[in-house]
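Subject: Handover of a structure

Dear colleague,

Please find the structure below, together with its sequence.

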Amino acid sequence: MKIKDELINLNQQKQKGWFKQFWSNLYRSIFRYGKIPQDAEGQSYAVFNNLFLHIHPVKVSRHSLKFSYTFGLGIIAAILFLILTFTGVWLMFYYFPSATEAYNRMLDLRSSVDFGFVLRNVHKWAAEAMVVVVILHMARVFFTGGYKPPREFNWMIGVVLLLLTLGLSFTGYLLPWDQLAFWAITVGTSIAGYAPIIGEPLRKFLLGGDTVGQEALIRFYVLHVVILPGLMVIFMAIHFWRIRKDGGLSHPSENEPTKKGNSR
Amino acid sequence: MREIDTKQVFTKDANKTYGLMELVKGTKPTVGLQPDDMVFTWPHLLIRELVLFVVVTAFLLVSAFFFDAPLEEIANPNHPPNPAKAPWYFLGLQELVSYSAFIGGVLVPTFIVVILMLVPFIDRKKIGIGKWFAKERSFANGIFLTFLIIMLILIIVGTYFRGPNWEFVIPWETGGLH
């Protein structure tokens with residue numbers, strides 16, 4: 001904000017009523033740079049003066065905005081994670097991680113909770129979609145050469161995010177405590193048990209016993225609602241931050257010039 | 001680091017004369033780029049994110065109204081279904097486990113994760129970046145595409161073509177998909 005504008009602003013304020021002035025002072029204390037930004041200065045401030053927006057760079061390349069380049073897959077994955085967090089926390093109000101109670105709570109969601117079936121269905125389909133979208137996002141990055149220097153580390157963070165996504169999906173699978181959940185986890189954890197030496201201890205550590213039971217349910221629950229989402233947030237933050245530090249999305253101008261001339 | 005473009009950025013106007021006025025040295029990301037390649041995040045990127053958010057949310061809400069998440073009868077440790085299947089994304093591994101527990105349960109998943117982690121250190125040549133299926137990288141893309149297709153086939157077989165005792169079934173002959 002230039003000094004001249006500030007003076008004009010002060011003059012205008014003198015003519016306002018006390019409430020309007022208070023309101024304007026309050027608004028300005030939160031959003032220092034006006035309402036909808038109109039010029040380049042305002043557009044820059046809008047992004048880097050906002051905690052939630054400043055994960056973005058102030059400017060991005062046109063190439064990275066092309067829908068046919070990214071299909072928005074990374075952002076869709078992040079959106080799905082937000083939706084899953086929101087519906088997941090909401091579901092926690094109704095859920096009880098007990099082998100005798102959990103299934104009844106599923107039935108309650110269908111019958112006695114207002115829009116409980118929508119809540120559970122959105123969570124379920126968003127979870128399935130996230131697994132698919134994360135894999136497609138990885139394929140997009142591969143097929144466009146997005147893992148090449150200087151983005152090696154961010155690709156590795158991406159692999160960790162894929163594993164965390166699978167972990168979240170798998171731990172959530174047990175929570176309804178129906179036949180599908182019980183036996184899928186029994187089979188899934190037995191696959192882990194085939195590893196030499198560490199396999200069997202790992203399986204017992206995950207299940208808290210020899211078979212899937214109350215101990216396994218509480219372990220999967222804590223992993224699903226606290227540990228894995230927490231790790232996910234940390235690794236997502238690194239992932240997004242590194243996109244900026246590595247110069248935005250991959251761009252054809254990064255190619256080394258060939259003998260035939262630059263392939264730009 | 002981006003290569004500084006030494007070629008013409010502007011098309012020259014034949015009626016004007018040009019001379020070197022100033023030489024700007026710098027390592028800023030904008031050096032070497034087309035002058036109009038960058039746009040402001042507000043509103044260009046943010047509006048796209050907002051639209052995606054609305055579309056994804058609407059899509060999920062509509063799906064949630066029409067398709068119910070599966071819920072079977074309460075878990076019963078004494079009555080295993082035949083066959084018992086892992087979640088769909090692990091069915092490729094379960095299919096491999098049916099041939100060899102060690103290969104499907106240990107070797108293949110470890111191999112996949114290790115290779116995925118090493119990908120950017122194996123293929124470091126800065127060619128074919130920023131373009132879908134660039135000709136220069138058809139070998140790497142071919143390998144990855146083959147890997148994805150094999151995993152997809154294994155998952156489809158595990159999901160639809162495996163019946164009781166993990167025996168091969170034709171889904172449309174035994175009535176109904178499992």
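**Salt bridges**

Over all chains, the count comes to ten salt bridges, a salt bridge being a side-chain nitrogen of Lys or Arg within 4 Å of a carboxyl oxygen of Asp or Glu. This is a predicted model, in which local features need pLDDT of at least 70 and side-chain atom pairs count only at pLDDT 80 or more, whereas totals for chains, interfaces and linings use all residues. Residues are numbered from 1 along each chain as its sequence is written, chains are lettered from A and ligands numbered from 1 in the order in which they are written, and side-chain values use heavy atoms, with hydrogens and water left out.

Two of the salt bridges lie between chain A and chain B. In one of them, the side chains of E152(A) and R124(B) meet at 3.0 Å, N to O. In another salt bridge, D123(B) meets K148(A) at 3.3 Å, N to O. D123(B) lies in the loop between α3 (101-122) and α4 of chain B and K148(A) in the loop between α8 and α9 (152-174) of chain A, so this pair joins two chains. Helices (H or I, at least four residues) and strands (E, at least two) are DSSP runs, numbered from the N terminus. Both D123(B) and K148(A) are buried; the terms used here are buried for under 20% relative accessible area, exposed for over 50%, and partly exposed in between (1.4 Å probe, protein chains only). A network of salt bridges links K148(A), D123(B) and R137(B).

Within chain A, E101(A) forms a salt bridge with R105(A), with the closest N and O atoms 2.9 Å apart. E101(A) is partly exposed at 27% relative accessible area, and R105(A) is partly exposed at 24%. E200(A) and R203(A) form a salt bridge as well, their closest N and O atoms being 3.2 Å apart. These two residues, E200(A) and R203(A), lie three residues apart in helix α11 (residues 199-207) of chain A, about one turn of the helix. E200(A) is partly exposed, at 33% relative accessibility, while R203(A) is buried, at 14%.

**The two chains together**

The contact (heavy atoms within 4.5 Å) takes 88 residues from chain A and 80 residues from chain B. About 8,200 Å² is buried between chain A and chain B, and carbon and sulfur atoms give 70% of that area. Buried area is the accessible area (1.4 Å probe) that two parts lose on being put together, summed over both.

Between the two chains, 39 residue pairs are in polar contact, both residues at pLDDT 80 or more. A polar contact is a pair of N or O atoms within 3.5 Å; within protein, one must be able to donate a hydrogen and the other to accept it, and residues adjacent in sequence count only if both atoms are side-chain atoms. Helix α8 (residues 116-143) of chain A gives the largest share of the side of chain A that touches chain B, namely 16 residues.

Chain A has twelve helices and one strand. Of its 264 residues, 46% are buried. Chain B has five helices and one strand, in the order β-α-α-α-α-α along the sequence. Of the 178 residues in chain B, 35% are buried.

**Backbone features**

Most residues other than glycine have a negative phi, and most peptide bonds are trans. In chain B, a cis peptide bond joins W42(B) and P43(B), with omega about 10°; P43(B) is placed in helix α1 (residues 41-66) of chain B. Another cis peptide bond joins N82(B) and P83(B), with omega about 0°, and P83(B) is in the loop between α1 and α2 (91-97) of chain B.

F115(A), which is not a glycine, has a positive phi near 55°. F115(A) lies in the loop between α7 (102-111) and α8 of chain A and is exposed, at 57% relative accessible area. N165(B), also not a glycine, has a positive phi of about 60°. N165(B) is found in the loop between α4 (138-160) and α5 (171-174) of chain B and is exposed, at 56% relative accessibility.

With kind regards
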